[in-house]
Each structure stands twice: as C-alpha cells, then as structure tokens.
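Good morning, and thank you for the time. Please look at the display first.

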Amino acid sequence: MSPTPPRDVPPRGLFISFEGIDGAGKSSHVDWMAQRWRELGREVIVTREPGGTPLGERLRELVLHEPMDEHTELLLVAAARNEHLRACILPALARGCVVICDRYTDSTYAYQGYGRGLSLDWIAALEREVVGAHRPDRTYLFDLPAEVAARRRAAARAADRFEAQDVTFFERVRAGYRARQLAEPERFVRLGGEARRAAVGAELAMAIQPL
Ligand code: TYD
C-alpha cells in the first residue's frame, strides 16, 4: 500500500482541453465540468485559446476578425499559446489547479493543418518549441457532422473568419480531429455532440472517473 501523502503537498495539477468544430456545443459543457471539479474540492481555472491572457485576447480579436495570410494566422495562434502557457497555464498547474482550456494545440492541427491545408510538419515543429511536454492530460472531443454544426451556428450567432467557412472546410477540420484522436486514443474522450445536452453531460460525468 502506498503511504498517505503529507497534507501540505498540493494535488498535482490537471490539464484538460475541450475540442470540436464550431457549433459542436463544447463551450456549454466547459462550465459544467469546472463546477464538477470544484465540487470535488479542486481549484479550477477556466480559460480559452486563442486568448486566456490580456495579450492573447488581443491576438484572438485579430485572428477571428482581421483578414490575413494563413501562415500569419498560424503564427498568431502559436504566439497567443506561448503567452497563455507561460503566463497562465503553467503557474496554475504548479499550484495544483485543474486547468480547463477551451481549445488548445489540437485546434491548430485541425483548423490550420487539415482545414487550411498548412504543413503538419511545421505545426508539429511549432508545437515542439512552444508546448514541449506541456500537453493536456485529457482532451474531450465534441464530434458531430459538419452540416449539423453549421445549422446550429446559423441559428446562434454572426460568423467570424472561421465560422464563415463552408461545410467542406469543417469536414476537413473534423477529419483532422479524428486523426488526432486515432493517434493518441488514451488522451482523448470522444463525445457525440449530436446528443442532447443532458446526455452529453452524463457521458462527461462518466468520463471524469478515470482522471
Ligand atoms: P471558439 O473558441 O470556438 O469561440 P466561439 O465559440 O466564441 O466562436 O472559436 C475560436 C476559433 O479559433 C475557432 O473557430 C477555431 C479557431 N482556432 C484555430 O483556428 N486555431 C487554433 O489553434 C485555435 C486555438 C483556435
């Protein structure tokens, strides 16, 4: 039997990301999961990418709304991530927090790599330099057909630079996510975003157990 850890040793930080195509319904579940972890007695940080720091939020505004070359877009999301990781995520993990991040590097592979068609090797090189070993412990992938997500988005809000893309773009993004999941099945939990909110909540509640 392992000895009981001393009481003043904080719990190890836990890094969780949420991913999925726009309109997959992930954001409404982020707060639910944060609440769940708080009920379990953990300090929780909810954050997002691009964004999560004052500079990152300014970069987010540009990435979502300013016309730009696709490589510029890639470098800006990487710059925002570098800032976010060092100023927010790593200090929170060091304090033992549960960090719940709405999008992280899988978004870059899915959107800039599979969606925009930029070099996956270049994205991997950026990941190595910016993220290194600081990868999520668990990633919840909200997965649903691109045309279902498009209908949801149309009903919900005005489109930004990504949401204005056509269904084929989001089909590629979805395929990118599935490729990421297949490559690292132990990190991902796939949730069928087509299910009603309560059903996804129940799946999330089950998924939280092994962490
Ligand atoms: P999102 O976080 O889903 O916010 P909202 O629900 O308010 O629209 O949107 C952020 C957008 O940024 C999303 O369309 C995906 C895109 N994105 C990338 O293209 N690459 C990235 O690396 C990240 C983190 C996000």
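Let me begin with a definition: on a 1 Å grid over the protein atoms alone, a cavity is a set of points where a 1.4 Å probe fits but cannot get out, a pocket is an open set with protein on both sides within 12 Å along at least five of seven lines, and lining residues have an atom within 4 Å of a point. Grid points are joined across faces, edges and corners, and a volume is the space filled by probe spheres set on the points. What we have here is a predicted model, in which local features need pLDDT of at least 70 and side-chain atom pairs count only at pLDDT 80 or more, while totals for chains, interfaces and linings use all residues. Residues are numbered from 1 along each chain as its sequence is written, and side-chain values use heavy atoms, with hydrogens and water left out.

How many cavities of 30 Å³ or more does the structure hold? There is one, and the space in this largest cavity is about 80 Å³. Its lining consists of Leu-74, Val-77, Ala-78, Arg-81, Thr-105, Thr-108, Tyr-109, Ile-123, Leu-126, Glu-127, Val-130 and Val-131. Two or more of these residues come from each of H3, H4 and H5. Here helices (H or I, at least four residues) and strands (E, at least two) are DSSP runs, numbered from the N terminus. By class, the cavity lining has eight nonpolar, two polar and two charged residues. For these classes, Ala, Val, Leu, Ile, Met, Phe, Trp, Tyr, Cys and Pro count as nonpolar, Asp, Glu, Lys and Arg as charged, and the others, Gly among them, as polar.

I turn now to the largest pocket, which holds about 590 Å³ of space. Helices H1 (27-39), H2 (54-65), H3 (70-94), H4 and H6 (146-156) each give two or more residues to the lining. Which element gives the largest share? It is H4, with four residues. The pocket lining divides into 10 nonpolar, seven polar and 13 charged residues.

Pro-50 lies in the loop between strand E2 (44-48) and H2.

Next, the helix packing. Two packed helices are described by the angle between their axes and the distance between the axes. Axes are lines fitted to C-alpha atoms, for helices over the stretch in contact, and angles run from 0 to 180 degrees between N-to-C directions. Angles under 35 degrees count as roughly parallel, over 145 as roughly antiparallel, 65 to 115 as roughly perpendicular and the rest as oblique.

H4 and H5 (residues 120-130) pack at about 155 degrees, with axes 10 Å apart, and are therefore roughly antiparallel. Contact, meaning heavy atoms within 4.5 Å, is made by Thr-105, Thr-108, Tyr-109, Gln-112, Gly-113 and Tyr-114 of H4 with Leu-120, Ile-123, Ala-124 and Glu-127 of H5. These residues comprise five nonpolar, four polar and one charged.

H4 (residues 105-115) also packs with H7 (residues 167-183), at an angle of about 135 degrees and with axes 8 Å apart. H4 and H7 are therefore oblique to each other. Among the residues in this contact are Tyr-109 and Tyr-114 of H4 and Phe-169 and Arg-172 of H7.

Finally, the axes of H2 and H3 come within 9 Å and cross at roughly 160 degrees, which makes H2 roughly antiparallel to H3. Leu-55, Gly-56, Leu-59 and Val-63 in H2 meet Glu-73, Leu-76, Val-77, Ala-79, Ala-80 and Glu-83 in H3.
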